[in-house]
Amino acid sequence: GVVTSKVTPRKVAPHTNNDDAAILPELEEGERFVYPEMHSYCLQLYSPATWETVPNATVEFEEFESVVSMQVVRLQSEQTLTGLKSYLALCTCTDKGEEVTAKSMIKIYDIAEVVPEPDKPLTKYKLKVCYDREMKGPVCAIGSVRGYMVGVVGQKVYVWSFMGGKDLIGVAFVDTHLFVHSITSIKDFILVADIQKSVSLLRFDHESRSLSIVSRDFQHLEVIAANYIVDNKKLGFVVSDMMNNLIVFGYHPEALESQGGKMLLRRADIHVGTRVSSLWRTAVRPAALQGRSGLSLVMRRDKRHVTWFSGM
């Protein structure tokens, strides 16, 4: 799924009435009047094989509704043998100005397979709405960990259960610093990035359903993006900041300066000369071990990832 936006003129000016409800009166001005422009968001499914658009698999979002984050999440499900199922999750925010209270929503879609139309094989994919409800606060980022949904509401990190595929049930939460805008999970760990207070490492225990802070960086750092560095049994953390730097952190509880693991240790600083806006990982392809005759004997399984970054 790909979310795009286009700029369109707005001919309505939202404001509140006596009941604090938003009303949208139509603006009728002259031909030379310049109307304000806003983004209109749209979700479109594409085929991963041919990159063609999937017919009748488009979601047009409402006026003033912006898509904040979109992730493919693996949540608990009784429909699969593994007990996990992939969903397409989005969090949106509807902002109608400072006089109207903003609202946030979480939307979960299932990409279902149906009987395709004749001579149209791509029509077998349909978007099915599994969850679409308003939240009590602004949801800034979403993800998944161990089959549970993870979401950030302001400075709080919540973990929800989606068992049954109908409703999100709160399981655990933890308070962080000011404003968390990015979360990335791997196994039981969740790396959260704050807009001013650097990064924190959380751990979710799915047996006791508890969420706790393992370690954090106590220095002031304006984080843009954060992700992991995976090298077999070694795990690191890479962060991009507003000063065009990449910072590598490590979790070393045996080191004296880490205060028993409470502090993430700064291991490297790289100035890349551009503002890094995104970080993501891909698995390393398995390498073949060569024998004396030159034939491949066995495929070596490397649990390593390549961490990529893109800048503006």
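Which residue forms a salt bridge with Arg133, and how far apart are the closest N and O atoms?

A: The partner is Asp167, and the closest N and O atoms of the pair are 3.1 Å apart. A salt bridge here means a side-chain nitrogen of Lys or Arg within 4 Å of a carboxyl oxygen of Asp or Glu. The pair joins distant parts of the chain: Arg133 and Asp167 are 34 residues apart. Arg133 sits in strand E9 (residues 125-135). Asp167 sits in the loop between strand E12 (156-161) and strand E13 (169-175). Strands (E, at least two residues) and helices (H or I, at least four) are DSSP runs, numbered from the N terminus.

First, a word on the source. This is a predicted model, in which local features need pLDDT of at least 70 and side-chain atom pairs count only at pLDDT 80 or more, while totals for chains, interfaces and linings use all residues. Residues are numbered from 1 along each chain as its sequence is written, and side-chain values use heavy atoms, with hydrogens and water left out.

The cut-offs are under 20% relative accessible area for buried and over 50% for exposed, with partly exposed in between (1.4 Å probe, protein chains only).

Next, Asp175 and Lys156. Their side chains meet in a salt bridge at 2.5 Å, N to O. Asp175 lies in strand E13 and Lys156 in strand E12, so the bridge ties together parts 19 residues apart in sequence. Asp175 is partly exposed at 38% relative accessibility. Lys156 is partly exposed at 23%.

Salt bridges with shared partners also make one network of Glu65, Lys107 and Asp132. Over the whole structure, the search finds eight salt bridges.

Now the loop between E8 and E9, which holds Pro121. Pro121 counts as exposed because its relative accessible area is 58%.

A pocket is found on a 1 Å grid over the protein atoms alone, as an open set of points where a 1.4 Å probe fits, with protein on both sides within 12 Å along at least five of seven lines; lining residues have an atom within 4 Å of a point. The volume of the largest pocket is about 780 Å³, which is the space filled by probe spheres set on grid points joined across faces, edges and corners. Its lining has 27 residues, and Gln71, Ile142, Gly143, Ile183 and Thr184 lie nearest the centre. E6, strand E7 (84-94), strand E10 (139-145) and E14 each give two or more residues to the lining. The largest share, seven residues, comes from E6.

Last, the sheet that includes E14. Its four strands form an open sheet in the order E14-E15-E16-E17, with antiparallel pairing. Strands pair if DSSP finds at least two bridges between them. E14 (180-186) and E17 (210-216) are the edge strands, each with a single partner, so one side of each has no neighbour in the sheet. Five bridges join E15 (residues 189-194) to E16 (residues 199-205). Ala193 stands opposite Val199 in E16.
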